[in-house]
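This briefing goes through a protein model by topic. Please keep the sequence and the 3D view open while reading.

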Amino acid sequence: MRYTDFLARSSFSKEELFALSQGNLVSDPPEEFVRLPAPPMLMIDRVVELERSGPRGRIVGEQDIHLTDWFFQCHFRGDPVQPGCLGVDAVWQLIGLYGAAAGASGSGRALGCKEVEFAGQIRPHDRVVRYEVDIRRFSLLKESGSAVAVGTGKVLVDGEVIYTIRDAKVGMFRGIAYPDYPAPSANSKGGIMDRSSL
């Protein structure tokens, strides 16, 4: 699809999200176009709602649960449960996708959240996890090329709210990508990122 079509989308299929994670969904992407994590870290099977209204918006994604999902095989033996941190990461993934769909470019990075509350769990015989994120602020900082999005997410399993993630924040930064992995290069080491532009 063309970049202008990407910016106008209100939903994405599993195949489109996978293509975005591989870097080949958009035929004419801007420089340093945002990517989603690739499977198995891609925690979303489809985006069913994407609304933008100035600095606010909403994005809703869904994840199908399977008995054989990789995290159930190791977390924990004899007590399989999807790690709560993966639900938080799914919310960050959706916020990053929202930023890209709102015109941001650069590498997306989770910057934290104010509060996480767990009231339930995701087990192997559940069916669908729904991630609902209300974006309360999106800022595109043209001078630095950075962007930031902040939203509050709810995680539901088969219709029941089981987690709440308040004020989850994602920044999109230019110039930090590491496309020549695994070769040592300018961006091959981590450390503190410059957040002054946010």
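Predicted model: local features only at pLDDT ≥ 70, side-chain atom pairs only at ≥ 80, totals over all residues.

Which residues form one aromatic cluster? Tyr3, Phe6, Phe12 and Phe33 do.

**Aromatic rings**

- The count of aromatic pairs comes to nine. One of them joins tryptophan 70 and phenylalanine 71, an edge-to-face pair with 5.5 Å from centre to centre and 70° between the planes.
- Tyrosine 178 counts as partly exposed because its relative accessibility is 26%. Tyrosine 181 is exposed, because its relative accessible area is 63% and the cut-off for exposed is over 50%.

**Helix H2 and what covers it**

- Helix H2 spans residues 14-22, and its buried residues are Glu16, Leu17, Ala19, Leu20 and Ser21.
- The cover over these buried residues includes helix H1 (3-8), strand S1 (46-53) and helix H3 (84-101).
- After H2 comes glycine 23, which has a positive phi, near 85°.

- Alanine 38 sits in the loop between H2 and S1.
- Is alanine 38 buried or partly exposed? Alanine 38 counts as partly exposed, because its relative accessibility is 32% and buried would require under 20%.
- In sequence, alanine 38 and serine 21 are 17 residues apart; in space, their C-alpha atoms are 5.0 Å apart.
- Leaving out residues up to four places away in sequence, alanine 38 touches Ser21 and Gln22. Ser21 is also one of the buried residues of H2.

**Glutamate 49, in strand S1**

- Glutamate 49 belongs to strand S1, an element that is among those covering the buried residues of H2.
- Glutamate 49 counts as buried because its relative accessible area is 19%, and the limit for buried is under 20%.
- Which side chain makes a polar contact with the side chain of glutamate 49? The partner is the side chain of arginine 58, at 2.9 Å.
- With residues up to four places away in sequence not counted, glutamate 49 touches Ser10, Arg58, Ile59, Val60 and Arg130.

**The largest pocket**

- The largest pocket has a volume of about 720 Å³.
- Its lining is made up of 28 residues, of which Arg35, Leu36, Ser107, Gly108 and Arg109 are the closest to the pocket centre.
- Two or more lining residues come from each of two elements, H3 and strand S3 (107-112).
- Which element gives the most to the lining of the largest pocket? H3 does, with five residues. H3 is also among the elements that cover the buried residues of H2.

Terms used:
Residues numbered from 1 in each chain as written. Heavy atoms only, no water. Buried < 20%, exposed > 50% of the residue type's maximum accessible area, 1.4 Å probe, protein only. Helix = DSSP H or I, 4+ residues; strand = E, 2+ residues; numbered from the N terminus. Contact = heavy atoms within 4.5 Å. Polar contact = N/O pair within 3.5 Å; in protein donor to acceptor, adjacent residues only side chain to side chain. Phe/Tyr/Trp six-rings, centres within 6.5 Å; stacked < 30°, edge-to-face > 60°. 1 Å grid on protein atoms, 1.4 Å probe; cavity = no way out; pocket = protein on both sides within 12 Å on 5 of 7 lines; lining within 4 Å. Points joined across faces, edges and corners; volume = space filled by probe spheres on them.
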